Amino acid sequence: MADTSDTRTPAQIEADIRRRREVLAETLDEIGVRVHPKTIVGDAKAKVVAHVDHTVGRAYVQVNRAVSDVRARFVDDGGAPRLERVVPVALVVVGVVGLLALGARRRRD
């Protein structure tokens, strides 16, 4: 059989009950804050912002890597342009721009 006798005084029991009520009140306050609509919306916004920041960061890294790769193709280690690669690309760009200009001129006439 379990011993159910309590050796605490009524004042100690009341103090324990008071402490327990304070702890429960704090817990209920925390729950109230967590389920408040503004808190839920704020948490959702924070998650979206974190996701967007992560996505933008990844995109920045990929763009930076692509720019570095292109630069490595057209510039040597000393920083001088690689003419064997720059000249053909420049000729292609001039040719495309010239064709576009001729096409636009023919449409106006």
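1. R71 is a residue of helix α2, which covers residues 37-74; helices here are DSSP runs of H or I of at least four residues, strands are runs of E of at least two, and both are numbered from the N terminus. R71 is exposed, its relative accessible area being 57%. The classes are: buried under 20% relative accessible area, exposed over 50%, and partly exposed in between, with a 1.4 Å probe and protein chains only. R71 and P81 are separated by 10 residues in sequence, and their C-alpha atoms lie 9.3 Å apart in space.

2. Basis of the values. This is a predicted model, in which local features need pLDDT of at least 70 and side-chain atom pairs count only at pLDDT 80 or more, while totals for chains, interfaces and linings use all residues. Residues are numbered from 1 along each chain as its sequence is written, and side-chain values use heavy atoms, with hydrogens and water left out.

3. Overall form. The chain has 3 helices and 0 strands, in the order α-α-α along the sequence. With a radius of gyration of 36 Å, well over the 13 Å given by the globule rule for 109 residues, the chain is more spread out than a compact globule. That radius is taken over C-alpha atoms, and the rule is 2.2 Å times the number of residues to the power 0.38. The C-alpha trace spans about 105 × 45 × 30 Å along its principal axes.

4. Surface. Of the 109 residues in the chain, 0% are buried. The accessible surface of the chain is about 10,200 Å², and carbon and sulfur atoms account for 62% of that. These areas come from the Shrake-Rupley method with a 1.4 Å probe; for residues, only the protein chains shown count as cover.

5. Charge. There are 19 positive and 15 negative side chains, and the centres of the two sets are 15 Å apart. Lys and Arg count as positive, Asp and Glu as negative, and His and the chain ends are not counted. Each charge is placed at NZ of Lys, CZ of Arg, CG of Asp or CD of Glu.

6. Salt bridges. The count is 3, a salt bridge being a side-chain nitrogen of Lys or Arg within 4 Å of a carboxyl oxygen of Asp or Glu. E30 pairs with R34, with 3.8 Å between the closest N and O atoms. Both residues lie in helix α1, 4 residues apart, about one turn of the helix. E30 is partly exposed at 46% relative accessible area, and R34 is exposed at 60%.

7. Network. Shared partners join the salt bridges of R8, D16 and R19 into one network. The closest N and O atoms are 2.3 Å apart for D16 with R8 and 2.1 Å apart for R19 with D16. R19 and D16 both lie in helix α1 (residues 10-34), 3 residues apart, about one turn of the helix. Relative accessibility is 26% for D16, which is partly exposed. R8 is partly exposed at 37%, and R19 is partly exposed at 48%.

8. Nonpolar patch. L28, I31, V35 and I40 make a nonpolar surface patch of about 390 Å². Patches take residues with over 30% relative accessible area and no salt bridge, joining like charges within 9 Å and nonpolar side chains (Val, Leu, Ile, Met, Phe, Trp, Tyr) within 5 Å. V35 sits in the loop between α1 and α2 and is exposed, at 54% relative accessibility.
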